[in-house]
Amino acid sequence: MDTGFMREGEVEEVSEMLRSLGLPLRVLYVRDRFIEALRGKRDAEEKRITFRETFYRVLSKEAKKEGCDVLIQGTIAPDWIETSGGIKTQHNVLEQLGLNTVDRYGFRLLEPLLELYKDQVREVARYLGVRLEASERQPFPGPGLMVRCIGEVREEKLKVLRAATSVVERALGGLRPPPNQYFAAVVEDERSAASHEAERAVREVLPRGRVQYFNCRATGVKGDNRAYGKIAVVSGGKAGTEDLFRLPEKIIHEDGEVVRAVYELGGEGSGMGGGSTNRYAVLVRAVETRDFMTAKPYNVPMELLERLCRDLLEIKGVSSVCYDITSKPPATVEYE
Amino acid sequence: MKRLVSMQIPVVFLGGQYNHLIVRALKELGVESWMIRPNVRLEDLQVDGLVMGGGPHSVNDGLERFGNLPQIIERGWFPMLGICLSHQLLGFLLGGRVVKGRKPEYGRTIIRVIEADEIFQGVGSEFVAWASHNDEVKQDGGRFRVLARSDYCDVEALRHESKQIYGVQFHVEVAETPKGKEILKNFVKMCR
């Protein structure tokens, strides 16, 4: 299913791989249905539930056409743990929420991976001799780029995100050991002031640093509860990544509504005046984790980040580039 | 073929994000483990030990969600380990107080052991752990000893004054607590 939220060339790559296995493949091009259903929606949970409903309605129709009454899907432990725990609604969790798929969609579910975490799934895949490009592939969420397009999804914003994703994957894919997941997210570059207390907390680590908030909300997890709050943008002053990683805690201690913090690597800055048509901030996230239930930001060398920043600023529409310095908890790996 | 009968240590599910990871960690230590609900009856618990998980609630909102855990903690004959919310439940039932943390911990923290105990054998006096909690335990004359603390939390680990009942505020079951497996192993040893 091409939802419109796949990465550059991904529909073709996945199709190719499945076809080479000799599976009778049919690709459903349904981008417009998703874009249409999501129009005007900004809330992360509303977007996720809309995605789920659209996804299974499309599947249900096709299943009926083909006479299928069983759907095999790769739902794993973190999916149902986070969904039933109310952290975020993963699209592939239905029965665990009490949804009867036979009544709703006309098929039964088979979910053989329910008890496993991502690292265990990889082990099974290697044991079974699944080809490396599949078993070692970095995770990509079901709703894809939708959850990295923070707030409302629009064609132009999605285009910037898709281009940024390719640049980030090329730049960070060569790190050894590789981050367990690395990607870009995009948000309108509109900010508001943070409190003096938060500013003071930041200056304890970055003497010339300052902090603002993006005018959007992102998903997090605090003490087994969902958090949907602010993204703090720290800028000014130089620091090593290890110092930067201490910032989110300091900011959250002063403002409990913050769920994550990013460090501004570069941008047009305020000196550019109002003439620019560039309006998006690209957020770069790279994490180190075993099972994705907890994760820490990957320590990417600063010079590599600076190079990456220059490349991202070349993309039309990008006004600033930030590096996510938050662990899970309090943030989640993905933004929504 | 020789069949090994392994130890049985179930995990009480309280809705926390890492409850299922405790089962995984125990299985990796060769223990037979599975999730049980808090309304399990003590007489049905034919087990070698019991681990109680975390969850999204606060003990100050009432004990209904904890099912039979108060009686099990009071009368159980096997070693017990409470993690996060269950650690707070232990602190509460053993006479301490549970309060909202002024500076809540989400993520990395440093645990400092202040009283040597077999649960912390081989992990050193200071180690990195991950925590995720809004509430915390205050001792205030409770029937327990405080074994560890951190910069932001006074009671990171506690032990019942006479029984092998332990509580840890941080998460021994997550990959980001490198010494967590060792601590869990120490607990499993007590269950033999």
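**View 1. Separation of the two domains of chain A in the predicted model.** The centres of domain 1 of chain A and domain 2 of chain A, taken over C-alpha atoms, are 28 Å apart. Domain 1 covers 10-135 and domain 2 covers 144-324 of chain A, with bounds from an automatic or database domain assignment. This is a predicted model, in which local features need pLDDT of at least 70 and side-chain atom pairs count only at pLDDT 80 or more, while totals for chains, interfaces and linings use all residues. Residues are numbered from 1 along each chain as its sequence is written, and chains are lettered from A and ligands numbered from 1 in the order in which they are written.

**View 2. Contact between domain 1 and domain 2 of chain A.** Domain 1 of chain A contributes 16 residues to the contact and domain 2 of chain A contributes 13 residues; two residues are in contact if their C-beta atoms, placed from the backbone, lie within 7 Å. On the domain 1 side, helices H2 (31-38), H3 (44-66) and H6 (118-127) of chain A each supply at least two residues. Helices are DSSP runs of H or I, at least four residues, and strands are runs of E, at least two, numbered from the N terminus. H3(A) gives the largest share of that side, three residues.

**View 3. Overall dimensions of chain A.** The C-alpha trace of chain A spans about 65 × 40 × 40 Å along its principal axes. Chain A contains 12 helices and 11 strands. Of its 336 residues, 42% are buried (20 or more other C-beta atoms within 10 Å of the residue's own, with C-beta atoms placed from the backbone).

Notes:
A residue is buried if 20 or more other C-beta atoms lie within 10 Å of its own, exposed if 12 or fewer, and partly exposed in between; C-beta atoms are placed from the backbone.
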